[in-house]
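Let's read a structure together, one feature at a time. Have the sequence and the 3D view ready.

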Amino acid sequence: MRVLVTVVTLFFLGVQAQSEWSYTEPGLVESIWSKEYPDCGGLKQSPINLQTKKVKHSRSLKPLTFTGYGEEYLEFPMTNNGHTVQITLPPSMQMTDSEGIVYKANQLHMHWGGAFLELSGSEHTINGIRRVIEIHIVHFNSKYRTYEEAKSQANGLSVLAILIEVDEFAENTYYTPITSQLINIQYPGQTTTLTNIKIQDLFPGDIRYYFTYNGSLTTPPCTENVKWFLFRDTVKLSKAQVLKIETSLRNHHNQTLQNIYRQIQPLNHRAVEANFPPFAGKCTPDSGVSNILASPC
Ligand SMILES: [Zn+2]
C-alpha cells in the first residue's frame, strides 16, 4: 500500500512539476511553454517591439475612459503568486475603449528585471528600448459575466500596460503603499491588504495617448484574445523603489523573483495603431517639419 501511495504521490508531483511554467530553470522554461500550452507558439503573441515609424497613426481612436479607478477607501488584496505580485481589482473598475467596448478590471501585476545591476524588465519594448518595469492591468470584456468565462473566449480580454522609468531620487509616493508592503508577501501564497491607494494614481500624468494592437497573454496559456493598450507616457519611480520591487519577493524555489518578463514575439504582419502622431508631429511627413532632436522618425 505504501509503495502504491508513494508511486501515486510521485506521479502527481511529476505532473505538477511538469506543468509549472517559469522563465528560467527549474520548471517549464519559456522556450518550451508551447509544448504544454500550444497557444504560446501562435502567430499573434505578446509582448512585441513597438517600432514607432511603423505604427499607424489613427485619428479616429479616442482616448480610453475609466470609471471607478479614482475610487478612494477601497481595499485590495495583494498576493505573491509565485510568478509576480498581483493585486486583485473589483469589476466596478471599468475601462471603455474607442469603440465603446466596456472592460471590467480583474487584476494588476508587474514584470521586472533586476538579475544584474541595471537590468530592465519591461515586456514591450519601444524602438528596441526595454524600460525598467511594466505594469499590466488585466480586464475582461463586460459582455461576459466573469473573468473565468471570458478568459478563453474571442475578444475576451484587454490588458492596459504602463511602462516605468527610473528617476534616481524622486520617490513616487503614489506607489509607496505597494512598495512598502512587498516585505509582507515575501513568500508565494502570502497575501496582504493594500489601503490608501487609488489605482488611477498609478497611471502616467497624461493618459490620452496610447498604442494598441491584438495579441495574447504573455504567460501561459498565452491565449490570443487580448486587445492591448499601452500608454505612450511613462511613470517614474525612484531607484530605491525599483530596487525594492526587484528584490523583495521569492518564488517556489526560494529564489529571488527576478527577470520575470517574456522575450519579444514576432509581429507577423499585425497592425499596431496609435492615437498620436509620432513624436508629437514634429517630423511627420504631413507636418513638413523636421527636427533632428525628434529622431528617429
Ligand atoms: Zn503581465
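A: Two strands pair if DSSP finds at least two bridges between them. Helices (H or I, at least four residues) and strands (E, at least two) are DSSP runs, numbered from the N terminus. This is a predicted model, in which local features need pLDDT of at least 70, side-chain atom pairs count only at pLDDT 80 or more, and totals for chains, interfaces and linings use all residues. Residues are numbered from 1 along each chain as its sequence is written.

Q: In which sense do S13 and S14 pair, parallel or antiparallel?

A: Strands of a sheet pair through backbone hydrogen bonds, either parallel or antiparallel. Here S13 (210-215) and S14 (226-231) pair in the antiparallel sense, over six bridges. Within that pairing, tyrosine 213 has tryptophan 228 of S14 as its bridge partner. S14 also pairs with S11, in the parallel sense and over five bridges, and serine 158 stands opposite lysine 227 of S14.

Q: How many residues of S14 are buried?

A: A residue is buried if 20 or more other C-beta atoms lie within 10 Å of its own, exposed if 12 or fewer, and partly exposed in between, with C-beta atoms placed from the backbone. Six of the six residues of S14 are buried, so this strand is largely enclosed by the rest of the structure.

Q: Which residues of S14 lie on each side?

A: In a regular strand the side chains alternate between the two faces of the sheet. In S14, Val226, Trp228 and Leu230 are on one side, Lys227, Phe229 and Phe231 are on the other, and both faces are covered.

Q: Which residues touch the most other members of the largest nonpolar core?

A: A nonpolar core is a set of buried Ala, Val, Leu, Ile, Met, Phe, Trp, Tyr and Cys residues joined through C-beta atoms within 7 Å. The largest one has 58 residues, and Ile133, Ile135, Val159, Ala161, Ile162 and Ile164 touch the most other members. Elements that each supply at least two residues include S5 (85-88), S7, S10 and H5, while S11 gives the most, with seven residues.

Q: What is isoleucine 164 in contact with?

A: Two residues are in contact if their C-beta atoms, placed from the backbone, lie within 7 Å. Neighbours within four places in sequence aside, the contacts of isoleucine 164 include Arg131, Ile133, Ile135, Val235 and Leu237.

Q: Which residues of helix H5 are buried?

A: An α-helix has 3.6 residues a turn, so residues three or four places apart point the same way. In H5 (residues 239-247), the buried ones are Gln241, Val242, Ile245 and Glu246. Seen down the helix axis they fall within an arc of 135° (taken from the directions from the axis to the C-beta atoms), so they line one face of H5. Their cover includes strands S7 (102-112), S10 (133-141) and S11 (157-166).

Q: Where does the pLDDT stay under 50?

A: pLDDT is the predictor's confidence in each residue, from 0 to 100. Where it is low, the predicted coordinates should not be read in detail. The protein chain averages 90, and 87% of the residues score at least 70. The pLDDT stays under 50 over residues 3-18, which have one contact beyond four places in sequence in the model. Residues 281-297 are also below 50, with 18 contacts beyond near neighbours in sequence.
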